[in-house]
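Reader: I've got a structure open and I'd like to learn how to read it. Can you walk me through it?

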Amino acid sequence: MSKILMVDDDPLLHELARVALTEAGYTLLSARDGQQGLETLAREAIDLVITDVAMPEMDGIEFLEQMRRRYPRLRCIMMTGYGTPETVLGALRENVCDFLAKPFTLEELRSAVSTALAVSLAAPIEVVSARPEWVQLRLPCDLAAVHPLQRLLLQLKADLPPETREAIAYAFREMLNNAIEHGGKLDPTKYVEVCYVRLKRAIIYVIKDPGEGFDLAGLKHAAINNPSDDPFRHASVREERGLRAGGFGILMTRQLVDEMVYNERGNELLFVKYL
């Protein structure tokens, strides 16, 4: 049975979370501030920490910083009603598993906990730049790193219309998955470089993988190269090669963003969404 520590100064949230997580088979321990949280960690074997940001005496970011010095690989979910860029980037620096924006449902809480405990622990994401308008990262070629990164970066675009956020999120997820799976060969000792730039009228993503690159026209297993009279030809190619179902990522991304280009080698992608 996994043991979870919740660090938050709201007693009602503790009670609601206790009911929800106990019913799901977890044991929940409570701390009302960061100092109590550190004391609990010192005497209990904890599998997952869920912490708020805004707390008295010691805020969530400071708590995470101190926790990481002693428990660098402990899984953590951050929750807050104040999802400012500074908060999001602070959470990213501390390698959180997920980000829950208040108010969230108890089902969302259970889902985040289940996911955080189930996925493999990816190597830490290296933060090269953490300014709200320029985020630059190096992350291991491990698909477990994609979900928390996507959730965190979504918070930086909270002011955008939902359809724009969803389009960018889909494009980013598909292209990052491709870079990790095909460029990095799912080797967590290799790294993908990601850069997110927020301009007044555009959002730019650059994704560079460690692979040898490819010729886009030669990807017979990708839907982007299907002839007009055979829109699903790539599916049979994928089946012949023993590849998983899919192959629509590049095609869908081109339809969702405004501009998309690869470098000559084929291992670096830039796409733009105008605002």
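Reader: How many helices and strands does the protein chain have?

Author: Keep in mind that this is a predicted model. The protein chain contains nine helices and 11 strands. Helix 1, for instance, covers residues 11–23.

Reader: And how much of the protein chain counts as buried?

Author: That's 47% of its 275 residues. As for contacts with a separation of 6 or more, 62% of them link residues 24 or more positions apart.

Reader: How many disulfides are there?

Author: Start with the general idea: a disulfide is a covalent bond joining the sulfur atoms of two cysteines. Here, searching the whole structure turns up zero disulfides.

Reader: Is C97 buried or exposed?

Author: Buried means under 20% relative accessible area, so C97 counts as buried at 16%. C141 is buried too, with a relative accessible area of 0%.

Reader: What about the surface?

Author: The protein chain exposes about 13500 Å², and carbon and sulfur atoms supply 51% of that.

Reader: Which residues make the nonpolar surface patch of about 260 Å²?

Author: L12, L16 and L106 make that patch. Take L16, which lies in helix 1: its relative accessibility is 41%, so it counts as partly exposed.

Note on methods:
Residues numbered from 1 in each chain as written. Predicted model: local features only at pLDDT ≥ 70, side-chain atom pairs only at ≥ 80, totals over all residues. Heavy atoms only, no water. Disulfide = S-S within 2.5 Å. Buried < 20%, exposed > 50% of the residue type's maximum accessible area, 1.4 Å probe, protein only. Helix = DSSP H or I, 4+ residues; strand = E, 2+ residues; numbered from the N terminus. Contact = heavy atoms within 4.5 Å. Areas by Shrake-Rupley, 256 points an atom, 1.4 Å probe, with all protein chains shown as cover. Patch = residues over 30% accessible without salt bridge, like charges linked within 9 Å, V, L, I, M, F, W, Y side chains within 5 Å. Salt bridge = Lys/Arg side-chain N within 4 Å of Asp/Glu carboxyl O.
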